[in-house]
Amino acid sequence: MKKKLVRKLVMQLVAFVVIFIVLTLLMNTGVINTFWAGILLLCGINVTLAVSLNLATGYLGQLTLGHAGFMAVGAYVSALCSIYLNLPFALTLILGALSAGLVGLLIGIPILRLKGDYLCIITLAFNEIIRVIIVNLKITNGAKGLIGTPNDTTFAWVFWLMALTIFVVYSIVNSRHGRAIIAIREDDTASELSGINNVYYKILAFAISALFAGLAGGLYSHYIGVLVPKYFDYNKSVEILVMVVLGGMGNLPGSIIAALVLTILPSLLMSFSQYRMLVYAIVLIAAMLLKHSDAGIALRAKLPKFHRKNKEVTE
Amino acid sequence: MDFINQVINGLSTGSMYALVAIGYTMVYGIGKMINFAHGEIIMVSAYVALICMSTYHLPVVVSVLISIAVTALLGVVTEKVAYKPLRGKGSLEVLITAIGVSYLLQNIFLLAFTSSGRTFPQIMPSGSIKAGGLSISYITIITLVISFICTGILLFFINKTKLGKAMLAVSEDQGAASLMGINVNNTISLAFAIGSGLGAVAGTIYGCKFSLINPYIGQMLGIKAFIAAVLGGIGSIPGAMVGGLMIGVAESLTIAYISSDFSDAVVFGILILILIIKPAGLFGKNVREKV
């Protein structure tokens, strides 16, 4: 089992290296112009966000609507470290990610006793509180936006940190810890009775998820230039959730593909941007209705299987 | 005196939250789900009332009645189309669908009416009663009176009529209720209809109070009313009323004495405190989980 996992990880690494070399070559030769390079960069950030949220929502089964809040913590901490302390880029990213993880840990300890609906609302509440704090702090320049963050984020940084995120989340969900996390999603009473420390694993998954959201935030802040708190509102959290839901909860390749599609499509079709949120809404409803309807189950039986492990659970 | 004024203002806003919170609480009690789209349904009701009054020049009472009817229908249709197929399939799925419905309604109205606000006709008398240092506007008083009348009628309906008792039975135990000959589907639809209808009253009140409506109003209103329902103990109608009033007062005092920037944060802070200290809410029952 372990050998198989290591082999898969090595194959992933090879795939990442190949993709990276191809993309860099295309960018350097000008086949991919700067417009597309920018979109690819955003793709990487969104994949990081979707994969990290999938750990909390897909694998742990806890619907959280505060992912943008953690992203905001990471973005602002790393941007402020860059501006005021002149720290090297890598260090600011680490500090941003760690502080987001710490906030996730501190928030997670009291709230993960709650489940489902309540957890969803309380994470939304924390997201709003984080945003209100940022708006009212002097050092973040409030609603006007923080300027002066150096544009340190390059494609290589985004790509390899995205790869790292996928790597870590993949390794976690395919380990003993991952099986514990999935067991909690399936039935938390049964998992507790089997000797799994529910609280520990819930907080672990939640904090790791927040940590990578913070990392994505740091990358974003060093890319965008002007950091406005409004970007990190409830809508951003829902957007990340849509990526996870469209890709399939508890399905990593799905999250990656969905994040790519949902980043590239709106940039491609400018006229589409008006209908973007409308389409997101329909995606959420349709995905959930098709998941359980007879038509949806029949449709999925016909489609080729991308993964063998998560077999269809028939009700 | 200023303090008392602020409290009365808060009570008035709070009673509007209470009407919305009752919708959440009824749907939660009977359908065991949070209707995330409830706030957007109220936004729709405000637009319906506005169009009836300003485009078709209908009388106020007729407009409000049409708005209540349309909204109640919308609530029932949402339940039938989006929530019923997922009943009993897991709360995560229902929750995500509800978020989807909420976004769908918001964006349809954004496309139809754009994000710029529209002025709501002034249908309530302006001016205020002055007594001593107190100055209470008519809108404040009318809002309070209407909210209390609606809640009173609802409590009477639920506790005294046959349909109301059927609702109580369904919220207690769906399976047992259906064995006793109660049509569970119809009862759940009725809960959605009543909740949405009350929301329509709140929507009109919102329009009168703030005199400007846009497609975004439902979101915050919905979340705050939900917090009110949780504070009072979700599933309890008197709880929703008390919770709504408390949230309204807390918000009003924050705006008056701290800063309007923090009013939302304070409301969310209340939610976090109540969920950590007493998740069942003030009037809620502690339900022990059975394995």
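Let me start where the two chains meet: 31 residues of chain B are in contact with 31 residues of chain A. Two residues are in contact here if their C-beta atoms, placed from the backbone, lie within 7 Å. On the chain B side, the elements giving two or more residues are α4 (91-113) and α11 (263-277). Of these, α4(B) gives the most, with 14 residues. By class, that side of chain B has 23 nonpolar, four polar and four charged residues. Nonpolar covers Ala, Val, Leu, Ile, Met, Phe, Trp, Tyr, Cys and Pro, charged covers Asp, Glu, Lys and Arg, and the others, Gly among them, count as polar.

Some housekeeping. This is a predicted model, where local features need pLDDT of at least 70, side-chain atom pairs count only at pLDDT 80 or more, and totals for chains, interfaces and linings use all residues. Residues are numbered from 1 along each chain as its sequence is written, and chains are lettered from A and ligands numbered from 1 in the order in which they are written.

Now chain B as a whole. It has eleven helices and four strands; these are DSSP runs numbered from the N terminus, helices being H or I with at least four residues and strands E with at least two. The radius of gyration of chain B, taken over C-alpha atoms, is 19 Å, close to the 19 Å from the globule rule for 291 residues, so chain B is as compact as a globular protein of that length. The rule is 2.2 Å times the number of residues to the power 0.38. Buried residues make up 52% of the 291 in chain B. Buried means that 20 or more other C-beta atoms lie within 10 Å of the residue's own; exposed means 12 or fewer, and partly exposed is in between.

Back to α11(B). Its buried residues include Phe268(B), Ile270(B) and Leu271(B). The buried residues of this helix pack against α5 (116-136) of chain A, together with α9 (217-232) and α10 (237-257) of chain B.

From the chain A side, take Leu284(A). Leaving aside neighbours within four places in sequence, Leu284(A) is in contact with Val242(A) and Val245(A), and also with Ile96(B), Thr97(B), Ile99(B) and Gly100(B).

Last, a hairpin. Strands β2 (residues 128-131) and β3 (residues 134-137) of chain B run antiparallel, joined by four bridges; strands pair if DSSP finds at least two bridges between them. Ser128(B) has Ser137(B) as its bridge partner. Two residues lie between the strands, and Gly132(B) in the turn has a positive phi of about 60 degrees.
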